[in-house]
There are 2 protein chains.
Amino acid sequence: MTDEQDSHAPGRAVLSLDIGGTKLAVGVVTADGEVHGLVVEPTRRWEGPDVVIPRLFELGHRAIAAAGLDRPVDAVGISCGGPLDSGTGVLISPPHLPGWLDVPLGSMTSDEFGVPAYLENDATAAALGEHRFGAARGVSTMIYLTISTGVGGGAVIDGQLHRGAAGNGGELGHLMVRPGGRPCTCGRRGCLEAYVSGTNIAERAVEGLRAGRVSPDGSPSSLAAIEQPTAADVAAAALAGDGYARAIWTETTDVLGQALTDLVNVFEPELVVLGGGVTRSGAMLLEPVAEAVARDAMPPAAKAARVVLAGLGDVVCVVGAGVVALDAQEGEHA
Amino acid sequence: MTDEQDSHAPGRAVLSLDIGGTKLAVGVVTADGEVHGLVVEPTRRWEGPDVVIPRLFELGHRAIAAAGLDRPVDAVGISCGGPLDSGTGVLISPPHLPGWLDVPLGSMTSDEFGVPAYLENDATAAALGEHRFGAARGVSTMIYLTISTGVGGGAVIDGQLHRGAAGNGGELGHLMVRPGGRPCTCGRRGCLEAYVSGTNIAERAVEGLRAGRVSPDGSPSSLAAIEQPTAADVAAAALAGDGYARAIWTETTDVLGQALTDLVNVFEPELVVLGGGVTRSGAMLLEPVAEAVARDAMPPAAKAARVVLAGLGDVVCVVGAGVVALDAQEGEHA
């Protein structure tokens, strides 16, 4: 994804495993940030770690074969939602994988592939991927927010990945935006995630319909005809002019704009990068939240920050976990 | 303030000027973090920069004489509330100094003392002071919050002062804690500062009394007998058992605890240091907010973070601006 010749280790390649709540995405990542032999399959998380992890490893072997490497990979990078311990490689209790408790995924992966394995929080990995090979290349300080099944985030500060004292590197999805508001998966109320994740956009739409809410002009919403409307359905209906869907969408961008204003004030980044499934809605998400930041953040911070969409799209976590593993190997060999 | 022998430049000394909305504090800071020849006088900000700045410089000459230096200072560090431009040394429009617009304080100071001068946001300087010589010595990642006339903050991340793309290094006082709530000096509503600054604690108490609020048991508040109660009066009355004052205080610690939880989630620091006049209330401020963070922050972040009071007390900004100037000189000579 860059035309520049990579100066170190031509041919250095790592396997990258991205474990999402919905999809497993696996590929070989080379030092130029390119993904080779990408395979994507449903997670089927309800099958549990004893079934899903062997299947994940099988995908890994397929990706290595498909990438046409003439030698083993140098390492494996793993991207997964937290909480996890990146130091020990243990998945603690990720809410998007119910029942996956204290899984020693790092050592299991290392045993399977015979090389070191590095586990990283998915949003932290994505931040690193966007900084190295995506929308934030060359930027000194940036924050990344993934708006997907849940909401996560990561930050690069003065060119360095921010890991924090606990190693999770910042839980941006749990900023409190509406004290006493909607319940969140974290156990509190009123978190950012409880309003703007794909799951919660859909839930807010359904709850409003059940409560009898209609469009401001009194007409029924087109969403009422959909059995289980998704966030994408809400976005499509809002774009098509459905007044009820527009109100749900405006609440989404209001809350996200408020949270990004807080994050821009606190971090003073040059760039805010938004990724994850909900950002496929594009300009109708990006424009109002970028306007909110420009209008509401403290003037010097607002002037310094741009808000953009991720450059790596659906492979952002695959690239990010690849960068984690490549960097760790670089550290080993330095 | 340390027993260790400083390895570089024994005798290196800088003048430090701290410009508060209420007080001017000036002293000579040596490389061991000690303050010599400290002088503190009222700011009398209403006299304007043309009167106050010459008086500030006069205090500087007095402090140098009182410190008994046998040679000129190496540099001058200046601590002041923002917004300011630390690169050009210009005070832009600090709300605590009304009418001080675009004052080129850096160059004026440099001309006056014949050495380089470095202007820094007061809370940023204080964060650096606490990290080098105060409660956060040896800590890798910490945030500092000053709760005073206003609320400001700074952060040290992986041992480095966080400056941010705009150079202000994070506006922690303007986290939105109560959307649509009390008006803030920044022009928005519901910011942290609009609830927990000394000014706003006092204002909330007065507003409630005017609205006829009383203690939960129906008895009138002792604060009603004070013509212009301050935040210190509210704290004292709450400590003495005044039910109305306790309710005002509980709102203060609730809001501060919520904001600190957000900041701990976002930065994952090892330490949160609280300084500024309002923290003279001590345990009755510290204990409930530390409990809120331990209870409400994401478990790994909560486990990693301690909340403590500043170690440098009233001279935190004097020491901080001194460290800024010492570090800048170090950079020049490196």
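Helices are DSSP runs of at least four residues, numbered from the N terminus. In this predicted model, helix α1 of chain A spans residues 49-67 and holds R55(A). R55(A) has a relative accessible area of 15%. Buried means under 20%, so R55(A) counts as buried. Beyond its neighbours within four places in sequence, R55(A) is in contact with L24(A), E41(A), P42(A), T43(A), R44(A) and E47(A).

The interface of chain B and chain A was examined next. Here 39 residues of chain B are in contact with 39 residues of chain A. The two chains bury about 3000 Å² between them. Carbon and sulfur atoms account for 61% of that area. Ten residue pairs are in polar contact across the interface, both residues being at pLDDT 80 or more. On the side of chain B that touches chain A, two elements give two or more residues: α7 (243-267) and α9 (299-304) of chain B. The largest share, seven residues, comes from α7(B). By class, this side of chain B has 19 nonpolar, eleven polar and nine charged residues. The rule finds zero salt bridges between chain B and chain A.

Nonpolar side chains tend to be buried together in soluble globular proteins. The largest nonpolar core in the model has 96 residues. Those touching the most other members are L145(A), L260(A), F267(A), L145(B), L260(B) and F267(B). With neighbours within four places in sequence left aside, F267(B) is in contact with residues of both chains. In chain A these are H162(A), G164(A), V266(A) and F267(A). In chain B they are T141(B), I143(B), A155(B), I157(B) and L172(B).

Terms used:
Residues are numbered from 1 along each chain as its sequence is written. Chains are lettered from A and ligands numbered from 1 in the order in which they are written. This is a predicted model: local features need pLDDT of at least 70, side-chain atom pairs count only at pLDDT 80 or more; totals for chains, interfaces and linings use all residues. Side-chain values use heavy atoms; hydrogens and water are left out. A nonpolar core is a set of buried Ala, Val, Leu, Ile, Met, Phe, Trp, Tyr and Cys residues joined through side-chain atoms within 4.5 Å. Buried means under 20% relative accessible area, exposed over 50%, partly exposed in between (1.4 Å probe, protein chains only). Contact means heavy atoms within 4.5 Å. Buried area is the accessible area (1.4 Å probe) that two parts lose on being put together, summed over both. A salt bridge is a side-chain nitrogen of Lys or Arg within 4 Å of a carboxyl oxygen of Asp or Glu. A polar contact is a pair of N or O atoms within 3.5 Å; within protein, one must be able to donate a hydrogen and the other to accept it, and residues adjacent in sequence count only if both atoms are side-chain atoms. Ala, Val, Leu, Ile, Met, Phe, Trp, Tyr, Cys and Pro count as nonpolar, Asp, Glu, Lys and Arg as charged, and the others, Gly among them, as polar.
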